[in-house]
Amino acid sequence: MRISVIGTGYLGAVHAAGMAELGFEVVGIDVDAAKVTALADGRAPFYEPELEPLLRKHVGSRLTFTTDLAAAAGSSVHFLCIGTPQRSDGPGADLTYLDAAVGSLLPHLRPGTLVVGKSTVPVGTAARIADLVEATGAELAWNPEFLREGYAVEDTLRPDRLVFGVRGGGAEVILRQVYADAIAADTPVVVTDLPTSELVKTSANAFLATKISFINAIAEICEVTGADVTTLADAIGHDARIGRKFLGAGLGFGGGCLPKDVRAFQARATELGVGDSLKFLAEVDAVNLRRRERVLALAAEALDGDVAGRRIGVLGVSFKPHSDDVRDSPALDVSRRLVELGAEVRVYDPVATESARRVAPHLEYADTLGEAVHEAEVVLHLTEWPEFRAADPAALGTQVARRQVIDGRNCLDRERWRAAGWSYVGLGVA
Ligand code: UDX
């Protein structure tokens with residue numbers, strides 16, 4: 001079976017490499033020539049552990065990359081892995097890239113072939129695309145992707161569930177062939193209609209975002225009562241119905257998925273006349289953004305009320321560890337805002353410096369953790385990289401001007417930092 005993967009961003013590049021690892025002949029297609037050149041050279045255009053070894057293993061044999069969409073013509077399955085970012089003029093999803101890709105693919109479709117949408121889309125999009133695809137004699141299925149950045153290869157090869165949105169026909173049989181290995185390993189398969197499959201993805205991300213904002217709202221209560229949100233999360237997390245995962249209070253969620261998916265879901269519900277049903281997601285978004293204000297306020301408090309002209313060391317700029325993605329990164333947002341307020345900010349991130357520099361060239365980036373905290377009057381821990389948790393607070397204490405740390409991710413060992421003479425403040429922790 002020959003497979004094409006259209007769109008080679010975080011999702012598509014990993015999916016293409018994953019499909020090659022499963023033994024298929026794969027062509028990855030993207031309009032971005034620089035990305036295609038890197039991938040065709042066996043290089044990952046972004047940081048994703050485990051991706052590059054897979055690329056190197058299969059590029060040159062069964063995995064190729066090109067900018068020419070005509071290369072899709074020989075495939076029997078075409079995966080759509082096109083980004084659906086937030087529109088520049090509102091909260092909804094921007095479908096122009098996806099629509100353009102589908103429009104260009106249509107002339108290359110043959111009867112009996114299958115187009116599989118993986119992009120996260122507003123409910124109703126798949127049915128609209130299905131009508132276009134079916135007019136060529138091909139079929140459309142929707143197969144949402146749940147991969148987490150940083151674990152994308154693992155999540156692609158060993159997904160925790162498979163969702164096939166189909167309109168009948170032969171789509172399910174073909175999808176079962178594509179995912180035969182995962183199915184043989186007892187991965188649950190949910191076969192459903194197109195709108196349910198689209199909603200599974202947006203609901204999953206809305207739920208995860210809600211869980212994070214729930215605990216962050218509780219953190220706000222903890223802050224005015226002296227309670228400790230981490231202990232509270234441990235305690236409620238023991239209830240199997242609640243679970244401890246995604247109850248990490250702190251600076252909140254960011255990235256290329258949760259923030260824009262929460263907004264697009266609300267926008268779509270409003271279009272459908274059921275905006276009230278998802279009104280709470282506006283609050284989820286608001287709680288999330290308020291955590292950034294809280295860190296800014298704590299930084300000002302640590303610096304006698306004003307950050308202007310004061311030196312601040314920032315640890316982390318990616319939206320989460322094990323990724324160089326800075327899209328909607330809370331850490332990058334806080335760093336930028338501090339600079340706007342006149343602070344002298346020095347940012348260090350183990351891998352995301354280059355991607356941050358591209359979008360925020362005016363920030364000052366340090367090459368090492370020590371350089372970032374040198375002479376700092378307060379240190380902000382904003383992305384929970386293992387390097388920061390492992391750092392020795394006693395050694396760092398000799399480099400700073402004042403031993404003050406604000407732990408925006410509530411995961412430094414506060415006893416150890418306090419024992420080394422630091423004043424430690426977390427978000428909602430005592
Ligand atoms: C998410 C979904 O997890 C994934 O299933 C979907 O396919 C794409 O969106 P990802 O964006 O890679 O994946 O990141 P995720 O690990 O979910 O983290 C999202 C954000 O939430 C990060 O900024 C992270 O720091 C934050 N987070 C996560 C918290 O603030 N607290 C937590 O307890 C967990």
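Me: In this predicted model, why does Asn410 count as buried?

Reply: The relative accessibility of Asn410 is 14%, and buried means under 20% relative accessible area, so Asn410 counts as buried. Asn410 is placed in the loop between strand E13 (404-407) and helix H18 (414-419), and its phi, near 50°, is a positive value in a residue other than glycine.

Me: What makes Glu375 partly exposed?

Reply: Its relative accessibility is 47%, whereas buried means under 20% and exposed over 50%, with partly exposed in between; Glu375 therefore counts as partly exposed. Glu375 belongs to the loop between helix H15 (369-373) and strand E12 (378-381), and, although it is not a glycine, it has a positive phi of about 65°.

Me: Why are helices H9 and H11 called roughly perpendicular to each other?

Reply: Helix H9 (residues 194-225) packs against helix H11 (residues 258-271) at an angle of about 115°, with the axes 9 Å apart. Angles of 65 to 115 degrees count as roughly perpendicular, and H9 and H11 are therefore described in that way. H9 passes H11 in a left-handed crossing.

Me: Which residues make the contact between H9 and H11, and how many of them are nonpolar, polar or charged?

Reply: H9 contributes Leu199, Thr202, Ser203, Asn205, Ala206, Ala209 and Ile212, while H11 contributes Leu258, Asp261, Val262 and Phe265. By class, the contact has seven nonpolar, three polar and one charged residues.

Technical notes
Residues are numbered from 1 along each chain as its sequence is written. This is a predicted model: local features need pLDDT of at least 70, side-chain atom pairs count only at pLDDT 80 or more; totals for chains, interfaces and linings use all residues. Side-chain values use heavy atoms; hydrogens and water are left out. Axes are lines fitted to C-alpha atoms, for helices over the stretch in contact, and angles run from 0 to 180 degrees between N-to-C directions. Helices (H or I, at least four residues) and strands (E, at least two) are DSSP runs, numbered from the N terminus. Angles under 35 degrees count as roughly parallel, over 145 as roughly antiparallel, 65 to 115 as roughly perpendicular and the rest as oblique. A crossing is left-handed if the near helix is turned anticlockwise from the far one by less than a right angle, and right-handed if clockwise. Contact means heavy atoms within 4.5 Å. Ala, Val, Leu, Ile, Met, Phe, Trp, Tyr, Cys and Pro count as nonpolar, Asp, Glu, Lys and Arg as charged, and the others, Gly among them, as polar. Buried means under 20% relative accessible area, exposed over 50%, partly exposed in between (1.4 Å probe, protein chains only).
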